[in-house]
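Please open the model in your viewer and keep the selection tool at hand. The tour goes stop by stop, saying what to select and what can be found there.

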Amino acid sequence: MQNKLILENLTVEELKDFFENNGEKSFRALQYFRAIHKNRILNPIQMTNFSNNLRQKLYHYNDIINCSIIKRIDSKLDNTKKYLIELSDGNIVETVFMEYKTHTSICLSTQIGCKMGCKFCASTKKSFIRNIEPYEMCAQIYLVENDLNLKINNIVLMGIGEPLDNYDNVVRFIDLITNKEGQDMSIRNITLSTCGLVDKIIKLADDDIGINITISLHNPFDDERSKLMPIGNKYSIEKILDACDYYFNKTKRRIGFEYTVIEDVNDSKKYMDKLVNLLRNRNCLLNLITLNPIEEFNQKSPDRYKMTEFMNYMNKNNVNTTIRRKQGVDIDGACGQLRINNMIKRGVK
Ligand code: SAH
């Protein structure tokens, strides 16, 4: 964990203290905040409204300049682009840009590695290294925006890591990115995906953050789910659903559920019926994901026919269900795989 003060982590109010403590006028705080978060001028040396002296000082406390794109892979099938972004300490994160008919979206990583240990997920292999800081989440957006020369309208916290296991940094990031003086991202356009950390879902509701949440369910039976997702040993599905109800009642945001369909593991009628039973009376959206096979998890993904059948059955039984459009399947599939493959190439074990 870095102890260095990093200005891109600070709110305008906190920046005011910094500038005042350094003998500068407090209005400089807003100038700096706008330069970084609105105009995406990441290098203080290029901030020509500051004196040379001040620019040097700001440079010392700036770390976003040390984050850089080291690789971009463009899908040939759609406009999806996967980025590998190197952080100032040499760690690498994976960020995915997606383009839809009506908007652009970015999938951000929130941790380097992950502690959750879900069996089918590449992010969790090679274990957990550290949390990603707020400015490093901002960097993923600003670097991609600068690279593509466009504005991103939508954020999903669905990349590497469990965002609610990095609660304070994620909440601070949301505060920074929604600030009207900066990116001014609408809170409604931010979605956080979680494997179901119940206490943090409740905290998110109590803290009145107002983002959308989506729960990685993947199996409607506790015993089977826990085998796939060890977090199930700590929080039962019932507890997760109670937390979702609490979140919905407080925020009125419709809850999402993700269900990765794995052939012959969780795709029979027994699973569909149990899911109907759990979700039927909830204001929610079920998103079916086709398993993206990884080497360590020896299972198959269902075909399109099976996915459609699953979706139709759920919709017929009053559970609003969609199939997640596969994006960039030709460019290293599931989240975390690109990073791992790159680490292996670099000789990291
Ligand atoms: N930790 C968070 C967010 C990261 S994973 C969470 O668990 O929700 C984002 C989504 O991708 C989750 O629903 C996750 O279960 C799913 N996922 C991970 N690996 C996958 C794979 N190989 N195939 C399909 N979906 C996968």
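This is a predicted model: local features need pLDDT of at least 70, side-chain atom pairs count only at pLDDT 80 or more; totals for chains, interfaces and linings use all residues.

Select Ser75 and Asp78, and you will find that the side chain of Ser75 reaches the backbone nitrogen of Asp78 at 3.2 Å, a polar contact, meaning a pair of N or O atoms within 3.5 Å in which, within protein, one must be able to donate a hydrogen and the other to accept it, while residues adjacent in sequence count only if both atoms are side-chain atoms.

Residues are numbered from 1 along each chain as its sequence is written, and side-chain values use heavy atoms, with hydrogens and water left out.

Is Ser75 buried or exposed? Ser75 has a relative accessible area of 9% and is therefore buried, a word that here means under 20% relative accessible area, with exposed meaning over 50% and partly exposed in between (1.4 Å probe, protein chains only). Ser75 sits in the loop between β1 and β2 (81-86); helices (H or I, at least four residues) and strands (E, at least two) are DSSP runs, numbered from the N terminus.

Next, colour the strands in the order β1-β2-β3-β4-β7-β8-β9-β10-β11-β12, which make up an open sheet of ten strands with mixed pairing, where two strands pair if DSSP finds at least two bridges between them. At the edges stand β1 (68-74) and β12 (321-323), each with a single partner strand, so that one side of each has no neighbour in the sheet.

Now select strand β7 (residues 154-157), where Asn154 and Val156 point one way, Ile155 and Leu157 point the other way, and all are buried. On one side, β7 runs parallel to strand β4 (residues 104-107), and three bridges join them; here Ile106 stands opposite Ile155, and Cys107 has Val156 as its bridge partner. Strand β8 (residues 190-194) also pairs with β7 in the parallel sense, over three bridges, and Leu157 stands opposite Leu192 in β8. Follow the chain from β7 through helix α5 (residues 167-177) to β8, a β-α-β crossover that is right-handed: with the strands pointing away from the viewer, the path from the first strand over the helix to the second runs clockwise.
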